[in-house]
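Please examine the structure shown below.

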Amino acid sequence: MLGLKRQRPGSRHARWLGYALISLMLSALTACGTSAPANTTHSGPINAVTTMSVLADMIHNVGGERVRVRNIIPLGAGPEDYQPTPEAARAVAEADIVFYNGFGLEEWLGDLFAGARRPGQPQVAVAEGLEPLDRGAAFAQGNPHFWMSAALGARYAERIRDGLIGVDPAGRASYTANAERYIGQLLALNAELKQQAAALPPAARKLVTNHDAFPYFAREYGFTIVGNLLGNAEAEPSASDLAALVGSIKAQRVKAVFGEAQFSPKLAEALASEAQVRVVTNLYTDTLGEPGTPGASYVEMLRYDMRAIVKVLR
């Protein structure tokens with residue numbers, strides 16, 4: 001049976017070592033006096049720090065030239081099991097404002113905030129106020145992957161706009177105009193994605209994915225999630241779990257298994273082979289793609305994902 005392990009970095013011991021290094025860095029930052037108040041008058045761009053490349057792209061669109069964005073998680077890595085580095089601690093300590101997703105996605109972030117936060121520094125959870133799905137054992141606060149719906153991504157843009165205005169009131173007109181344009185683009189994208197999904201018969205709109213990043217995508221665009229390979233960020237899938245998933249794929253006549261770019265493709269490929277269905281291994285969810293790839297921006301990420309899904313489920 002499918003005795004394969006997922007390729008995701010991180011262990012509790014490694015995280016402990018990482019936090020120890022961060023503590024040393026924070027001590028050095030404090031000694032060097034880098035914790036000046038954040039709400040000072042700016043002579044140049046606002047320094048914004050994000051936890052995810054998706055958020056960084058959104059801030060580029062809303063902030064424009066008034067904002068310099070630094071994303072602390074590298075492209076290709078997901079936020080759930082990221083191990084903070086001393087460089088991440090320095091970025092947070094130097095930021096005028098920090099944007100993060102929230103809903104427990106970045107559990108490691110509290111340690112950075114505890115030691116590296118500048119007095120008065122705004123820290124904005126962009127998903128705050130949204131109604132979560134899947135509240136339960138896997139997600140105590142609810143599933144955090146709201147951005148997989150372009151309509152909810154537009155809500156993120158509103159929070160980003162308001163956060164930037166709060167730290168840079170002089171830029172209100174610019175941020176408001178940029179956000180209005182970007183939100184319009186996201187809502188138009190949402191309608192486009194719904195139209196593409198509607199081209200599939202309802203019986204074909206069934207998803208099996210690497211991890212549980214698609215509930216808001218599924219709700220927004222009319223798909224059913226049959227299952228996912230990695231139900232727990234700390235546990236490997238068991239042979240019995242995989243066998244049950246193969247059974248569900250066959251029973252519900254699912255046409256394909258969908259992997260994601262930040263994961264090794266081996267498990268998705270093996271599951272698809274066992275279930276005798278097609279496989280796509282490079283959808284984008286928790287991270288954007290490198291420049292020049294189909295998922296290099298938030299808009300193109302969702303557009304690419306939908307096209308890839310519809311193509312293989314026809």
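Reader: On what basis are the values given?

Author: Residues are numbered from 1 along each chain as its sequence is written, and side-chain values use heavy atoms, with hydrogens and water left out. This is a predicted model, in which local features need pLDDT of at least 70 and side-chain atom pairs count only at pLDDT 80 or more, whereas totals for chains, interfaces and linings use all residues.

Reader: How are helix H6 and helix H10 oriented to each other?

Author: Helices (H or I, at least four residues) and strands (E, at least two) are DSSP runs, numbered from the N terminus. The axes, lines fitted to C-alpha atoms over the stretch in contact, with angles from 0 to 180 degrees between N-to-C directions, come within 10 Å and cross at roughly 0° for H6 (residues 172-198) and H10 (residues 298-313). Angles under 35 degrees count as roughly parallel, over 145 as roughly antiparallel, 65 to 115 as roughly perpendicular and the rest as oblique. H6 and H10 are therefore roughly parallel.

Reader: Is Thr209 buried or exposed?

Author: Thr209 belongs to strand E5 (residues 206-211). Buried means under 20% relative accessible area, exposed over 50%, and partly exposed in between (1.4 Å probe, protein chains only). With a relative accessible area of 2%, Thr209 is buried.

Reader: Which residue forms a salt bridge with Asp168?

Author: A salt bridge is a side-chain nitrogen of Lys or Arg within 4 Å of a carboxyl oxygen of Asp or Glu. At 8% relative accessibility, Asp168 is buried. At 2.9 Å, N to O, its side chain meets that of Arg66.
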